[in-house]
Amino acid sequence: MIPPQPVPVRCPRCQTPFEAPVQSIINVKEAPGLKDDLLVGRLNVATCPACGARLRVSSPLFYYDPAKELAVAFMPLEMGLPQADQDHLIGSMANALTESLPAEERRFYILNPKVVLSQQGLLETILEADGVTREMLEAQANRARLLGELLDNVDDEATLARLVEADKDSIDYEFYLMIAGLMENAQEIGAPDEAARLAVLRDRLIALTGGPSQPLPEPLTGEVSDEAVIQQLLDTDPQALLTLVAVNRPRFDYVFFQ
């Protein structure tokens, strides 16, 4: 596996400069856990040594999944790199990946990756290769937009009630499931304030809508051993299993599967 490299960053809260380890190349075959980290927002998250703030480092990333014959180069638009510099950087990452592979696994398409300019574009490309349809992505995007609007008005009871009434049909079981997953992820990346705000929104939505159509499973905290988690998965019926996994998605990382 190609290791992360240190890059200079500046804390947005206290303006302290420091170096953070950043993963610039992901080979899903070698390190599937990095794909999981990318999809749930844990990849390239740094902690400021001065104030403890957590920040996501946006930097170029080369994503390679040989099983899907997918090579993607993410070049953040906010970096403002000229086209020539982008091409040079993409070529360097593609060559580094190719040289790390055995000769029989090297493929020409690695040198001609799909280029995306936003994090959203990167995630959509990966999910589409995994069989997630455009309609499913759009539905999730609509949920995310609604969640953002509700979070912005969580302290304004009148506005929140109006928004909930206008989109009551959208605040369904899957919506509560998304909130539960985001709360778990916020705890995983060390963002307790974000998790607490999501919990407040969840409780106020339950008061306004009556809650989800069926009970949500409880998150499996870090205090629950892997052996106990495995047993709970084995004891859960197939329909409930999907929900249990969705709520606890960050728990099922590469180390867990090992």
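Arg202 is partly exposed, with a relative accessible area of 28%; partly exposed lies between buried, under 20% relative accessible area, and exposed, over 50% (1.4 Å probe, protein chains only). Its salt-bridge partner is Asp203, with 3.1 Å between the closest N and O atoms. A salt bridge here is a side-chain nitrogen of Lys or Arg within 4 Å of a carboxyl oxygen of Asp or Glu. Asp203 is also partly exposed, at 43%.

This is a predicted model, in which local features need pLDDT of at least 70, side-chain atom pairs count only at pLDDT 80 or more, and totals for chains, interfaces and linings use all residues. Residues are numbered from 1 along each chain as its sequence is written, and side-chain values use heavy atoms, leaving out hydrogens and water.

**Overall make-up**

- The protein has 10 helices and eight strands. Both are DSSP runs numbered from the N terminus: helices are H or I with at least four residues, and strands are E with at least two.
- Of the 258 residues in the protein, 39% are buried.
- The protein exposes about 14500 Å², and carbon and sulfur atoms supply 53% of that area. Accessible areas come from the Shrake-Rupley method with a 1.4 Å probe; for residues, only the protein chains shown count as cover.
- Among contacts with a separation of 6 or more, 63% join residues 24 or more positions apart. Contact means heavy atoms within 4.5 Å.

**Salt bridges**

- The whole structure holds seven salt bridges.
- One of them joins Glu105 and Lys29, at 3.1 Å from N to O. This pair links distant parts of the chain, 76 residues apart. Glu105 sits in the loop between α2 (83-100) and β8 (114-116), and Lys29 in the loop between β3 (25-27) and α1 (32-40).
- Glu105 is partly exposed at 26%. Lys29 is exposed at 55%.
- Asp155 and Arg197 form another salt bridge, with their closest N and O atoms 3.4 Å apart. Asp155 lies in the loop between α4 (134-152) and α5 (157-166) and Arg197 in helix α7 (residues 192-209), so the bridge ties together parts 42 residues apart in sequence.
- Asp155 is exposed, with a relative accessible area of 57%. Arg197 is partly exposed, at 35%.

**Lys35 and its network**

- Lys35 lies in helix α1. Lys35 is buried, with a relative accessible area of 11%.
- Salt bridges with shared partners join Lys35, Asp65, Lys68 and Asp130 into one network.
- Leaving out residues up to four places away in sequence, Lys35 touches Ile26, Val28, Tyr63, Asp65, Ile126 and Asp130.

- Five of the five residues of strand β7 (residues 70-74) are buried, so the strand is largely enclosed by the rest of the structure.
- Both faces of β7 are covered. Leu70, Val72 and Phe74 are buried on one side, and Ala71 and Ala73 on the other.
- Strand β6 (residues 61-65) pairs with β7 in the antiparallel sense over five bridges. Two strands pair if DSSP finds at least two bridges between them.
- Asp65 stands opposite Leu70 in β7. Asp65 also belongs to the salt-bridge network with Lys35.
- β6 and β7 form a hairpin with four residues between them. In the turn, Glu69 has a positive phi of about 50°.
- On the parallel side, β7 pairs with β8 over three bridges. The bridge partner of Phe74 in β8 is Val116.
- β7, α2 and β8 make a right-handed β-α-β unit. Right-handed means that, with the strands pointing away from the viewer, the path from the first strand over the helix to the second runs clockwise.

**Nonpolar cores**

- In soluble globular proteins, nonpolar side chains tend to be buried together.
- The largest nonpolar core has 18 residues. Such a core is a set of buried Ala, Val, Leu, Ile, Met, Phe, Trp, Tyr and Cys residues joined through side-chain atoms within 4.5 Å.
- The residues with the most contacts inside this core are Leu147, Leu150, Ile171, Phe175, Ile179, Leu201 and Leu205.
- Elements giving two or more residues to this core are α4, α5, α6 (173-188) and α7. Helix α6 gives the most, with five.
- Beyond its neighbours within four places in sequence, Leu150 contacts Leu160, Leu163, Val164, Ile171, Phe175, Leu201 and Leu205.
- Another core, of 15 residues, lies apart from the largest one. Its members include Leu34, Leu43, Val72 and Ile126.
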